[in-house]
Amino acid sequence: MLDVPNKTESRGLAPTLVLALGTFAVGTDAFVVAGFLPDLAASLEVTEGAAGQSVTVFAAAYAVLSPVLATVAARVPRRALLVAALVVLGLANLGSALAPSFPVLIATRVLAAAGAAAYTPGAGAVAAALVRPELRARALAVVVGGLTVATALGVPLGDLAGERLGWRYALGAVAAACLAVAAGVYAIMPVLPGAPRVPLRTRLGVLRRPVVMAILPLTVLGMGASYTVYAYSVPALRAVGVEGTAGMLFLYGLGAVLGNLAAGYATDRWGAGRVLPAAYLVMAVSLGLLAWTAAGGAAIGGAAIGVLVLGWGASSWCQTPPQQHRLIAAAPREAPLVVSLNSSAIYAGIGAGTLLGGLTLPSGAAFTYGTGAALAVVALVFALVTRSAGGVAE
């Protein structure tokens, strides 16, 4: 864990709200593309499936860079690291907004991933260090809550901005938000020291621990299940009769916020072993019913679709607090590293799910929904098996 003075730790959960502003900016950047994917594809003269791979590239770059940057920047004071990461993220989004071609867009998405990969794990590790151990899952939920609020507000607002002003203006607004939050983090966050530098090979030695390797694949499976559909949510929602997608994207994000916060509380109270299987069951049912609807097996109204989308969002983002809590409990001395590895696993799942969604979308939205539901079932089984495996932290 980070060496944080007791007087800082005693401040409780309040300082984590500042960190959540940063994860809100990161989350808006990571997920906003889903809201204007068709317009971006048309503007850069690529297919929707190809445009969706900009999400895959972002996620893959994040997954690779997260542990590397955690090592390289280990000694950097935490406030300086977080501010620099947000500045890089803002400049990368400005580059994306001005991109004249799809290859240039991809390059700027890689740069954006570097900023995000430096920020999110650092914010999670600092949040865990700022509070007492019994409040750790709730603190992590607040920080992850920035990501989930981004799906509730940032992505629908990006969708509306893309419709009214164009996708370039939407990304420009994200860039401005990142830079504004960087200034806020600099002004408000306390000065915290970095951690001792440890070689990357030594850091990744934690992956040889069976308990850690029993936890991380579940993050990949769970996020892959959700993002098989989410990156293509505009055409997927149209397939179930939804034309104006901003409202449904808001419901997904609202579910994400509520699910994330509830998961933090529930994990502290009942343990991850109960929270995670429930999440994957809800996800499998929600995506399965949407697949049935898209295939013409049911004619349900917009309210019922909204409930399913709400459940889908809640189950997607209630995974993260219990997973991070399990990892920190399994390797408390390597908390910043295991949080960064979990962030890598999140984005590996997002990238794999987006890639899978792009491959299945030509076969129809019902097949895409069904693939996500099947992955959720696999995640459910994996969660049940690892819950009973010897030594896995609950």
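## Cavity and patch exercises

Leu153 comes out as partly exposed, because its relative accessibility is 39% (buried is under 20%, exposed over 50%, partly exposed in between, with a 1.4 Å probe and protein chains only). This is a predicted model, where local features need pLDDT of at least 70, side-chain atom pairs count only at pLDDT 80 or more, and totals for chains, interfaces and linings use all residues. Residues are numbered from 1 along each chain, and side-chain values use heavy atoms, without hydrogens and water.

**Exercise 1.** Work out which helix holds Leu153 and which surface patch includes Leu153.

*Solution.* Start with the helix: Leu153 sits in α7 (helices are DSSP runs of H or I, at least four residues).

**Exercise 2.** Describe the lining of the second largest cavity.

*Solution.* First, size: this cavity holds about 90 Å³ of space (1 Å grid; a 1.4 Å probe fits but cannot get out; lining residues have an atom within 4 Å of a point). Then count: 15 residues line the second largest cavity, with Thr120, Leu147, Gln324, Ser343 and Ile346 nearest its centre. By type, the lining has nine nonpolar, six polar and no charged residues. Last, α17 gives the largest share, four residues.

Key:
1 Å grid on protein atoms, 1.4 Å probe; cavity = no way out; pocket = protein on both sides within 12 Å on 5 of 7 lines; lining within 4 Å. Points joined across faces, edges and corners; volume = space filled by probe spheres on them. Helix = DSSP H or I, 4+ residues; strand = E, 2+ residues; numbered from the N terminus. Nonpolar A, V, L, I, M, F, W, Y, C, P; charged D, E, K, R; others polar. Patch = residues over 30% accessible without salt bridge, like charges linked within 9 Å, V, L, I, M, F, W, Y side chains within 5 Å. Areas by Shrake-Rupley, 256 points an atom, 1.4 Å probe, with all protein chains shown as cover. Salt bridge = Lys/Arg side-chain N within 4 Å of Asp/Glu carboxyl O.
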